[in-house]
Amino acid sequence: MSGEGLDALERQVNRDLRAIEHPKLKWLPARKHPTGARIYDVLIVGAGQSGVTCAYALKRDQVDNVAVIDKAPYGREGPWITFARMRTLRSPKDYPGPDLGVPSLTYQSWHEAKFGEDAWRELNLIPTENWNDYLLWFRRIVGIEVQNENALTAIHPDEECLRAEVESASGERFAIYARKIVLATGQDGTGRWWMPDCVAALPEFLRAHAADDIDFPSLAGKTVGILGAGASAFDNAAEALDTGTNPVHLFCRRTELQTVQPLRYVTFHGFLRHLSDMDDVWRWRFMQHVLGLREGFPQDAYDRCSAYPHFRIRTGEPWLDAEVRDNRAVVRTPKGEFTADFLICGTGVDMDCGLRPELASIADKIATWADRYDPPPHEREDRLGRYPYLGTDYAFQERVPGTAPFLKDIHCFGIGAWMSFGMSGASINAMYVAVPKLAAGVTRGLFAAELDNHWNGLQAYKTSQVALRET
């Protein structure tokens, strides 16, 4: 079924893409750097769902002089088979994704071609491994080439373009020159995975972040403590329980679990498409509420955990301090001490561009929300003020006007964009709106830089569309 079905689907995709090619005219001239190196129109950093979809959107706009790099090996871009430890996606199966409105490119079309229409009807939520396979198929069928195992290490202004310093897995270092750079680097692309300082100070054999590569089988029979009560915390607790840890204690600073998922409420056209058009007062107000509640845990993760009698949820117990005793971790909470063989922090991301190696040299020039907006006291939250304050095209803005004009050519398309745009980069829910908006911002900048060339070209254009007869 899968071979014939996928072959037929791929033929349909090719027909559909040919049918929407208009206009086909190439509009960006090739450029060379003074060194003789090629200058790409766009460099996309990150080949997960956001980066590949951005490349596809630009390709549809006849911007195909694009380089895409990812530090991960092929097939491991994004979180789906690495640190995303849920069995299924949390988004409903019928949400649009990378297809950008082409029915034959939807996940549903791929799933039906591979497993049959009955399988789609019976499907509740999309398995994460299937989603990963679909993204790899999508990337191949729309023709996006990726340079895997190449990590961006720095960005510098260079002549009339940007110089991206890149290091390969083998240690080779080289430069990629590009007029625009899109950072589709996911959740920690403008910061770091965060855990309390007292936990970070513990030896690595005693603790990890939920986004780390954790050897769960080695924890079998041991006591594990999880900090956090969001989706990733429950996913990691479930993974630990499934591999034989005994017991697992999940600690929540709130007195009641957060069971409401605010992102579900704001998944409607008006919010997804237009929050970024509103003033700072409303953008801050909405996102302070959404991000303040954090992401609620799904029913599946809760059910996986609660099926084990040795799983315990401890509310109203933030971790105040931690230390090592007899090669075990001892955590102090308001209700006493807890001793564990291993600790996992499902505590999300802290925004700070200076902590990213590729942004460290320019981070002090990037404007944050704290630089641009002073919220009322009851809405103030320092961690949200550290998000980058982005332009209407997702580009970084100068902290001090006139000091770093090259920032207009670096576009942030990860979680760091959420305060400025609502759900956008790294979100399946908003991809159908966010990616075209990002692509339009990139092409607007490229076109503006070519105005003189196109004006001169228009004046010189003499190709007649009519064959006149002699009279």
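Where is Pro247 found? In this predicted model, Pro247 belongs to the loop between α7 and β11. The views below take up this loop and several other parts of the structure.

View 1. The bond joining Asn246 and Pro247 is cis, with an omega of about 0 degrees. A cis peptide bond also leads from His22 to Pro23, where omega is near -10 degrees. Pro23 has its place in the loop between α1 (2-19) and β1 (31-32).

**View 2. The open sheet of five parallel strands.** The strands follow the order β9-β16-β10-β11-β12, and their pairing is parallel. At the edges are β9 (207-209) and β12 (311-315), each of which pairs on one side only. On average, and with direction ignored, neighbouring strands of this sheet are turned by 20 degrees against each other. Strand β10 (residues 224-227) is joined to strand β11 (residues 248-252) by four bridges. Gly225 has His249 in β11 as its bridge partner.

**View 3. Helix α7 on the sheet and against α11.** Helix α7 (residues 231-242) lies across β10, β11, β12 and β16 (342-345), and runs at about 170 degrees to β11. Two packed helices are described by the angle between their axes and the distance between the axes. For α7 and helix α11 (residues 299-306), the angle is about 35 degrees and the axes are 9 Å apart. The crossing of α7 past α11 is left-handed.

View 4. In helix α3 (residues 107-115), the buried residues are Tyr107, Ser109, Trp110, His111, Glu112 and Ala113. The structure holds 27 aromatic pairs. In one of them, the ring centres of Tyr107 and Trp120 are 6.2 Å apart and the planes stand at 50 degrees, so the pair is tilted. Because Tyr107 lies in helix α3 and Trp120 in helix α4 (residues 117-122), this pair ties together parts that are 13 residues apart in sequence. Both Tyr107 and Trp120 are buried. Trp110 and Phe115 form an edge-to-face pair, 6.0 Å centre to centre with 85 degrees between the planes. Trp110 counts as buried at 3% relative accessibility, whereas Phe115 is partly exposed at 37%.

**View 5. The aromatic cluster and charges over rings.** One aromatic cluster takes in Tyr56, Tyr107, Trp110, Phe115, Trp120, Trp131, Tyr134, Trp137 and Phe138. Over the ring of Trp120 sits the charged end of Lys93, 4.5 Å from the ring centre. The charged end of Arg285 sits over the ring of Trp282, 4.5 Å from its centre.

View 6. Gln62 has a phi near 60 degrees, a positive value in a residue other than glycine. Gln62 is in the loop between α2 (49-60) and β3 (66-70), and is buried with a relative accessible area of 11%. Asn327, also a residue other than glycine, has a positive phi near 65 degrees. The loop that holds Asn327 runs between β13 (321-325) and β14 (328-333). Asn327 is exposed, with a relative accessible area of 57%.

Methods. Residues are numbered from 1 along each chain as its sequence is written. This is a predicted model: local features need pLDDT of at least 70, side-chain atom pairs count only at pLDDT 80 or more; totals for chains, interfaces and linings use all residues. Side-chain values use heavy atoms; hydrogens and water are left out. Buried means under 20% relative accessible area, exposed over 50%, partly exposed in between (1.4 Å probe, protein chains only). Helices (H or I, at least four residues) and strands (E, at least two) are DSSP runs, numbered from the N terminus. Rings of Phe, Tyr and Trp (its six-membered ring) pair if their centres lie within 6.5 Å; planes under 30 degrees apart count as stacked, over 60 as edge-to-face and the rest as tilted. A charge sits over a ring if NZ of Lys or CZ of Arg is within 6 Å of the ring centre and within 35 degrees of the ring normal. Two strands pair if DSSP finds at least two bridges between them. Axes are lines fitted to C-alpha atoms, for helices over the stretch in contact, and angles run from 0 to 180 degrees between N-to-C directions. Contact means heavy atoms within 4.5 Å. A crossing is left-handed if the near helix is turned anticlockwise from the far one by less than a right angle, and right-handed if clockwise.
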